[in-house]
Structure formats: C-alpha cells, structure tokens
Amino acid sequence: MKTLDFRDSRPIYEQIVSQIRQEIATGILREGDQLPSVREMAGSLSINPNTIQRAYRELEAAGWIISVPGKGSFVCPLPQTNHSEKAHLLETFDQTSVALIELGVSPMELITRITQIGGGIHA
C-alpha cells in the first residue's frame, strides 16, 4: 500500500515512483508482477489518475516497468546498474554521512538507519 506525505517537498508522482522503485529493488514486487491499474491506484490514494499515469511513464522510461496496452503495467527485470549514477549517489552518501557525523550523529545511528531502510533487500 502506497502512502503519500503531503508535507514532503517532492511532488506526489515522484513519491510514487520512489516507492515502486524501492518495492522492486527489495523484491516486494518481482519481475512480471502486474501493478494496479492507473484508476485503481488513483482511487486507493484519492488522487488524480494523471498523477499515477505520470509516475508510470517515469518508471517505464527508466526501464522499471513496461505498459502493455489493454493489459496493464508490469515489472521488468531490474535495470542494469548505471555505474556513473551509482558512483554519484555513493559520493553524495559519503558527504552526507560526514556532515551528519560532524553534527553529532553517531556512526552506529547511521548503520541502524541503513539497516532499517534496507531490511527487506535480503529477505
């Protein structure tokens, strides 16, 4: 079940994209699984169907899902790792970690948060 945070600075469609990507990456959604229809998801979240459609277009453009006319949207195999994006994100992570430690966050707190975020990856 997707949840929206209306206090989040990210647009709603980006929150949906992020949640679906996380579900695919952690194995909650697997290759070939069908996503809810645009109308079904829009209804369950009480938002405009165009917002869901935009999220699905973003996911399809990035290779996370494929939409089959008349059939629905399905999870694709995990996209190949983009090494430059991965390197950039790891560099950002390193910089953020250093800044947090300088603000008094312990390395153990960071490890705990990472473990909580990634808890479903190896399940």
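The following legends describe close-up views of a predicted model.

Local features require a pLDDT of at least 70 and side-chain atom pairs a pLDDT of 80 or more, whereas totals for chains, interfaces and linings use all residues. Residues are numbered from 1 along each chain as its sequence is written, and side-chain values use heavy atoms, with hydrogens and water left out.

View 1. Helix α1 spans residues 12–25; helices (H or I, at least four residues) and strands (E, at least two) are DSSP runs, numbered from the N terminus. The 14 residues of α1 reach 20 Å from the first C-alpha to the last, close to the 20 Å expected at 1.5 Å a residue; the expected span is 1.5 Å times one less than the number of residues. The buried residues of α1 are Tyr 13, Gln 15, Ile 16, Val 17, Gln 19, Ile 20, Glu 23 and Ile 24. Here buried means under 20% relative accessible area, exposed over 50%, and partly exposed in between (1.4 Å probe, protein chains only). An α-helix has 3.6 residues a turn, so residues three or four places apart point the same way. The buried residues of α1 pack against α2, α3, β1 (65–68) and β2, where contact means heavy atoms within 4.5 Å. Just after α1, Gly 27 takes a positive phi of about 90°.

**View 2. The largest nonpolar core.** This core has 20 residues, and those with the most contacts inside it are Ile 16, Ile 20, Ile 52 and Tyr 56. A nonpolar core is a set of buried Ala, Val, Leu, Ile, Met, Phe, Trp, Tyr and Cys residues joined through side-chain atoms within 4.5 Å. Helices α1 (12–25), α2 (38–45) and α3 (49–61) each supply at least two residues of the core, and the largest share, five residues, comes from α1. Setting aside residues up to four places away in sequence, Ile 16 touches Leu 4, Met 41, Leu 45, Ile 47, Thr 51, Ile 52 and Ala 55.

**View 3. Gln 15 and its neighbours.** Gln 15 is placed in helix α1 and counts as buried at 3% relative accessibility. Its side chain reaches the backbone oxygen of Arg 10 at 3.3 Å. This is a polar contact, defined as a pair of N or O atoms within 3.5 Å; within protein, one must be able to donate a hydrogen and the other to accept it, and residues adjacent in sequence count only if both atoms are side-chain atoms. Beyond residues up to four places away in sequence, Gln 15 touches Thr 3, Leu 4, Asp 5, Asp 8 and Arg 10.

**View 4. The two salt bridges.** The structure holds two salt bridges, each defined as a side-chain nitrogen of Lys or Arg within 4 Å of a carboxyl oxygen of Asp or Glu. Side chains of opposite charge can pair when their charged atoms come close. Arg 7 and Asp 5 meet through their side chains at 3.7 Å, N to O; Arg 7 is exposed at 78% relative accessibility, while Asp 5 is partly exposed at 33%. In the pair formed by Asp 8 and Arg 10, the closest N and O atoms are 2.9 Å apart. Asp 8 is partly exposed at 22% relative accessibility, and Arg 10 is partly exposed at 34%.

View 5. Ser 73 lies in strand β2 (residues 72–75) and is buried, with a relative accessible area of 8%. A polar contact of 2.9 Å joins its side chain to that of Ser 67. Not counting residues up to four places away in sequence, the residues that Ser 73 touches include Asp 33, Tyr 56 and Ile 66. Ile 66, found in strand β1, is partly exposed at 42% relative accessibility. With the same exclusion, Ile 66 touches Glu 60, Gly 72, Ser 73, Phe 74 and Cys 76. The C-alpha atoms of Ile 66 and Gly 32 are separated by 9.4 Å, the two residues being 34 residues apart along the chain.

**View 6. Ser 46 in the loop between α2 and α3.** Ser 46 lies in this loop and is exposed, with a relative accessible area of 65%. Its phi is positive, about 55°, although Ser 46 is not a glycine. Most residues other than glycine have a negative phi.

**View 7. Helix α4 and the glycine that follows.** Helix α4 (residues 83–102) has 20 residues and reaches 29 Å from its first C-alpha to its last, close to the 28 Å expected at 1.5 Å a residue. After α4 comes Gly 104, with a positive phi near 105°.
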